[in-house]
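Please read the numbered points with the sequence and the model at hand.

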Amino acid sequence: MAERDELDVARRRLPVGKHVTGQVVRVPRPGAIGLLVDLGQELEGFVDVLVLPHDPAEWPSVGAVMTFEVLQHRPGQVRLFPLDASFRSRTYLPASPSNEEWLVLKMRFPIGSAVTATVTHVFTSDREYVVRFEDCSSALEWTGEAPMVGATGRYTITRHLDHTRRVVLTPADPIQD
């Protein structure tokens, strides 16, 4: 149960999509793992090797203070995305929409609009699930009982994350099986 409490605390302090400043404190194995970031809130930040440039010589050095977007929460860890494009892999978001497609998507699904979505994946280790609506998908977090794959529900569009080109949803009503 302690993991759930830590996870919930991290989610409240640093919600997905929030921009945070942190200091790179460790590069355990350059080119193999990623970066550890001090977020100054008793929460460890982590930037995955897949997000960083392929050449570790292009990674930020220990001591660098940077701004990140919160991508995801795992027990004891906040996954981060560097906002400075020079510290990102050019191939990290290969399936993301182009600038034009992203603008069309945001107009099609404006903040506050409602969608019906179906649960396609459930990840119990970090209490996340993925829903699909029309030709889009979004990851959500849950507390309490896990949703079931195949369940449908109504969701509200609450944010557009421009750096990672993601649509953030919030459940509008209980999920139906």
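The points below go from the whole chain to its sheets, cores and aromatic pairs.

1. Basis of the note. The model is predicted, so that local features are reported only at pLDDT of at least 70 and side-chain atom pairs only at pLDDT 80 or more, whereas totals for chains, interfaces and linings use all residues. Residues are numbered from 1 along each chain as its sequence is written, and side-chain values rest on heavy atoms, with hydrogens and water left out.

2. Overall make-up. The protein contains 2 helices and 10 strands; these are DSSP runs numbered from the N terminus, helices being H or I of at least four residues and strands E of at least two. From the N terminus on, the order of elements is α-β-β-β-β-β-α-β-β-β-β-β. The C-alpha trace spans about 45 × 45 × 25 Å along its principal axes.

3. Dimensions and burial. Of the 177 residues, 40% count as buried, where buried means under 20% relative accessible area, exposed over 50% and partly exposed in between, with a 1.4 Å probe and protein chains only. Among contacts with a separation of 6 or more, 60% join residues 24 or more positions apart; contact means heavy atoms within 4.5 Å.

4. The barrel. In the order S1-S2-S3-S5-S4, 5 strands close into a barrel with mixed pairing. Its neighbouring strands are turned by 55° against each other on average, direction ignored; the axes are lines fitted to C-alpha atoms, for helices over the stretch in contact, and angles run from 0 to 180 degrees between N-to-C directions. Strand S1 (residues 19–26) and strand S4 (residues 65–74) run antiparallel and are joined by 5 bridges; two strands pair if DSSP finds at least two bridges between them. Val20 has Phe68 in S4 as its bridge partner.

5. The largest core. Which residues have the most contacts inside the largest nonpolar core? They are Leu14, Val20, Leu39, Val47, Phe68, Val78 and Leu80, in a core of 20 residues. The elements giving two or more residues to this core are S1, strand S2 (34–38), S4 and strand S5 (77–82), and the largest share, 4 residues, comes from S4. A nonpolar core is a set of buried Ala, Val, Leu, Ile, Met, Phe, Trp, Tyr and Cys residues joined through side-chain atoms within 4.5 Å. Leaving aside neighbours within four places in sequence, Val78 is in contact with residues including Ala10, Leu14, Leu39 and Val70. Apart from this core lies another, of 17 residues, among them Val119, Tyr129, Val131 and Leu140.

6. The open sheet. A further 5 strands form an open, antiparallel sheet in the order S8-S7-S6-S9-S10. Its edge strands, S8 and S10 (166–171), each pair on one side only. Strand S7 (residues 128–133) pairs with S8 over 6 bridges, and the two form a hairpin with 2 residues between them, where Glu134 in the turn has a positive phi of about 50°. In strand S8 (residues 136–141), Cys136, Ser138 and Leu140 make up the covered face, and Ser137, Ala139 and Glu141 the uncovered one.

7. Aromatic pairs. The whole structure holds 2 aromatic pairs; rings of Phe, Tyr and Trp (its six-membered ring) pair if their centres lie within 6.5 Å, and planes under 30 degrees apart count as stacked, over 60 as edge-to-face and the rest as tilted. Phe109 and Phe133 are edge-to-face, at 5.1 Å centre to centre and 85° between the planes. Phe109 is buried at 3% relative accessibility, as is Phe133 at 1%. Tyr129 and Trp142 form a tilted pair, at 6.3 Å and 55°. Tyr129 lies in strand S7 and Trp142 in the loop between S8 and S9, so this pair ties together parts 13 residues apart in sequence.

8. An exposed leucine. Is Leu50 buried or exposed? Leu50, in the loop between strand S3 (44–48) and S4, counts as exposed because its relative accessibility is 59%. Leaving aside neighbours within four places in sequence, Leu50 is in contact with Ser89 and Tyr92.
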